[in-house]
Amino acid sequence: ETIEKGGYDHFMIKEIFEQSRSIGDSMRGRLRSEDAHLQLGGLNNYLDKLAEADRIIIVGCGTSWHAGLVAEYLFEELARVNVEVEYASEFRYRNPVISEKDIVIAISQSGETADTLAAIELAKSKGATIFGVCNVVGSSIARATHAGAYTHAGPEIGVASTKAFTAQVTVLTLIAIAMAKRKGTITEETYRQLLIELEHIPEKVAKVFENASKIKEIAFIFTYARNFIYLGRGLNFPVALEGALKLKEISYIHAEGYPAAEMKHGPIALIDEDMPVVFLATRDSSYEKIVSNIQEVKARKGRVIAIVTEGDKLIPGMVDFVIEVPQTHEMLTPLVSVIPLQLLSYYIAVMRGRNVDQPRNLAKSVTVE
Ligand code: G6P
């Protein structure tokens, strides 16, 4: 086991650091910006079907559901298609309206989650076309779908998902871009720009790791916090949910992820000098709005940790701590902004003496209801 951990203390931290490579693995052979090449072998015969889809329904559980929420923004923005993201466990027990022109995308690291599998069977019985985005080759979900794309993140041992999440987001981004290209809903320039930016993601993720010791220091300060709030807008909203989930899973600290603007409808009542608030505040189309949300929290003495874009001059003067991430295309932000949140929860959990790779009560793959 020591050898498998490759010199790291835990699988989780090994897997976090692997992301500068695994994200590249998810794109390998699929994307080449040089000649604007993008191809997902498993979906080749389904591109017309995708382009003609009335709606995409995404199903998943846990972290995979969060990847689905990121994908909702991507498909809607790039491919101009209606998207619904559903918890598989809810979807399977409703009587959802599904037609043959719907495409269901099932997301699952293990490919064995019972609820996700049942959601697939239900959608299939109603005539939908089902795609899988799975990490484990030959898994039950991969076999139950009509087509799909593997995430190729390599085995993930830590119960809390890290590299599988970024792999899912990467593959879903590729599918959204391929669909947009086929539908003609993005310009040639945006298409090329996205491919170029995607190729740079692994090195940008590696740059985030340079902040690891700073993140560790912040973790030390907040080791004994009892609650955390994570706030983000747009594509960073699902990242806030994922950051909160990571912290809960492995440190057992209560954490809530919220869309930053919704804070005023409830969570703002919780804010005082003991409440750490993690803001996803990268420079994107919601930047100005996030800045005013930060002011609202600071006015109530909340302690703010902000994830900002490199070189941000404004936010560092407003908050308690900043963690910088490199600039990328707005659509790709989650791939870099989630990394510091994974590290923060890891270091806090380690400092609290938790079993980070096998947190209590959780299983890597939930094959029962
Ligand atoms: C469990 C795991 C989570 C995972 C979820 C969905 O709860 O602990 O890390 O996100 O199942 O698993 P799947 O294999 O379908 O992605």
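Q: How far apart are the end C-alpha atoms of helix α8, residues 163-183?
A: Helix α8 has 21 residues, and at 1.5 Å a residue these should span 30 Å. The separation in the predicted model agrees with that expectation, the end C-alpha atoms of α8 being apart by 30 Å.

Q: Is helix α8 largely enclosed by the rest of the structure or largely open, and which residue follows it?
A: Because 19 of the 21 residues of α8 are buried, the helix is largely enclosed by the rest of the structure. The residue that follows α8 has a positive phi, near 75°, and is Gly 184.

Q: Which element gives the largest share of the largest nonpolar core?
A: The largest nonpolar core has 127 residues, and those touching the most other members are Val 104, Ala 176, Leu 231, Phe 279 and Ala 306. The largest share of this core amounts to 13 residues and comes from α8.

Q: Which strand pairs with β8 over six bridges?
A: Five of the six residues of strand β8, residues 227-232, are buried, so the strand is largely enclosed by the rest of the structure. Helix α11, residues 236-251, belongs with β8 and β9 to a right-handed β-α-β unit. Tyr 230 stands opposite Gly 257, and the parallel partner joined to β8 over six bridges is β9, residues 254-259.

Q: Which residue of β10 stands opposite Ile 229?
A: Strand β10, residues 276-281, runs parallel to β8 and is joined to it by three bridges. Within this pairing, the β10 residue opposite Ile 229 is Val 277.

Methods. Residues are numbered from 1 along each chain as its sequence is written. This is a predicted model: local features need pLDDT of at least 70, side-chain atom pairs count only at pLDDT 80 or more; totals for chains, interfaces and linings use all residues. Helices (H or I, at least four residues) and strands (E, at least two) are DSSP runs, numbered from the N terminus. The expected span of a helix is 1.5 Å times one less than its number of residues. A residue is buried if 20 or more other C-beta atoms lie within 10 Å of its own, exposed if 12 or fewer, and partly exposed in between; C-beta atoms are placed from the backbone. A nonpolar core is a set of buried Ala, Val, Leu, Ile, Met, Phe, Trp, Tyr and Cys residues joined through C-beta atoms within 7 Å. Two strands pair if DSSP finds at least two bridges between them. A crossover is right-handed if, with the strands pointing away from the viewer, the path from the first strand over the helix to the second runs clockwise.
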